[in-house]
Amino acid sequence: MAMNSKIEQLGLRLNKTLDGIDQQASKWVSRSLDKYLSIGITGFSGSGKSTFITSLIHQLKYSNHAHLGGFLPARDERLLGVELQALDDLPLFDYQEGIQALASDPPRWPASTTQISGCRLIIEYKKKTMLPTFTGETRRFTLELRDYPGEWLLDIAMLQQDYAQWSMDTAALCSKGIRHQLAKDLLAELNSLDPLAKFDEQRIDAVFVRYRNFLVTCKTDGLTYIQPGRVLLPDKTDFPVFIPLFNLHSYSEQQLHKAAEDSLYKVMQQRYKSYLKEFVQPFYKTFFRGIDRQVVLIDVLKALSGGKEKFDDMVIAFSRIIDCYRVGNNAFLNRLFSPQVEKILFLASKPDRILMNQHEALRRLCDEIISHICPQSVRNRIEIETEIAAAVRSTHDHSDHLTARLLDGKYGELRHPAIPDQLPDSTQWQQLSQWNPPVLQAPINPDLLIGGRLAHIRMDKVLRDLIGDKF
Ligand SMILES: Nc1nc2c(ncn2[C@@H]2O[C@H](COP(=O)(O)OP(=O)(O)OP(=O)(O)O)[C@@H](O)[C@H]2O)c(=O)[nH]1
Ligand SMILES: [Mg+2]
């Protein structure tokens, strides 16, 4: 009897303790039992993040006929069901809207993202068993995914610079190449502003509008490294209006330090700080908090077809972002928040735009880009892999050319130069500069709404690399 009541007491205490465990704690328990993963999907605007997440959810939900041979739990039909839930602190990622868009006739791509969102996938699966006559136990695995507008990513690099450094860096970037041509007389105006003069709100508002138009033109023209990235979005939020000052190198640190509080320099410096504090830092923290693994989508083909300057611009932008993963090297970012990412999967997106026999070259090229943008200090700490994958395969391969529906809905024939498997040399750049890959229409597929198959390229390999070890 005494023994029984002790067991009851123990049971009661256990129940109470379990009741008391809040969501956060149970997340940690699941994580330690290998039943939970949080994956951040990163990439610049237009790299394919939202389409990738939509496809990934769809492939998992309807895994039995999704052609996922490279992802063993799906191949062995051990995935039993997927439930989609909102995360506690973010709006729900709109999978339904994405699938609705792809299922429309004519199909639409998921809309460009304007706000951060996320979702939790509760995946029910049968545990693997060595004995074919036994059915495995049913288990649950929780996967969290987050999506955000690619433009926000650009500003993370600003966290490592103060206002004067950022201004001088921006001035140097705009002094040459495509930016120099696009900026035209804006450059003269930015150079002529006197940092020590009294701040003139009206004038700076007007220059800001022109600076913003310039940044939008840079984006339309195919450049990547654009800051502040948020100004590219039709965002209604009031963020502090600031511009870079292009002639700060003519003033000593002391002169700038002693500038009056109502001088142009001091007001811009203050607004830059507020922008980082109120907009960029919170995103940095939300984005990296609790992320275990990271997918970085790179539209390598777009960068290649844009020519060397635009390609290099994208590589610089990525290098600056990857600096944020250099834990230990950057005291300021460490104080703010140290990313604890254990794995990064770099993914060359939308390879359906090239022939199958060129895919290996693209993957090798992607490898080479990563070796340029990922310093050894990051490689030592984080497992790095590269892959290529198309979330929505939109072409048909005919061995020497592709066919696909173009945006006008008509079928077109697509040809492209050989894809280099290393950083292109000058002859290859010349060939690539003739290439202007069109935007494609997604395949017509109304069955998606009832769980129809969404054609992809290598999404099974992506699932294997990302979560395969957890089943
Ligand atoms: N051919 C092809 N095109 C794709 C694929 N995925 C995306 N695209 C194209 O790329 C565009 C951008 O994709 P999104 O998923 O909106 O990109 P994003 O990274 O979410 O962009 P932001 O929301 O602006 O940050 C789409 O509108 C399509 O035109 C794919 O798998 N194949
Ligand atoms: Mg998006």
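Trainee: Which backbone lies 2.8 Å from an oxygen atom of ligand 1?

Mentor: In this predicted model, local features need pLDDT of at least 70 and side-chain atom pairs count only at pLDDT 80 or more, while totals for chains, interfaces and linings use all residues. Residues are numbered from 1 along each chain as its sequence is written, and side-chain values use heavy atoms, with hydrogens and water left out. The backbone N or O atom that lies 2.8 Å from an oxygen atom of ligand 1 belongs to Gly150.

Trainee: How much of the area that ligand 1 exposes alone does the protein bury?

Mentor: Taken alone, ligand 1 exposes 650 Å², an accessible area from the Shrake-Rupley method with a 1.4 Å probe. Of that area, the protein buries 90%.

Trainee: Which side chain has an N or O atom 2.6 Å from an oxygen atom of ligand 1?

Mentor: The side chain of Ser112 places an N or O atom 2.8 Å from an oxygen atom of ligand 1. The side chain with the 2.6 Å distance is that of Thr51.

Trainee: Which residues coordinate the magnesium ion (ligand 2)?

Mentor: Donors are N, O and S atoms within 2.8 Å of the metal (3.2 Å for Na, K and Ca), and since water is not among the atoms, sites may look incomplete. Here the distances are 2.0 to 2.1 Å, and the coordinating atoms are OG of Ser50 and OG1 of Thr113.

Trainee: How far apart in sequence are the parts that this pair ties together?

Mentor: Ser50 lies in helix 3 (residues 49-61), whereas Thr113 is in the loop between helix 5 (95-103) and strand 3 (117-126). Helices (H or I, at least four residues) and strands (E, at least two) are DSSP runs, numbered from the N terminus. The pair therefore ties together parts separated in sequence by 63 residues.

Notes
Chains lettered and ligands numbered in written order. Polar contact = N/O pair within 3.5 Å; in protein donor to acceptor, adjacent residues only side chain to side chain.
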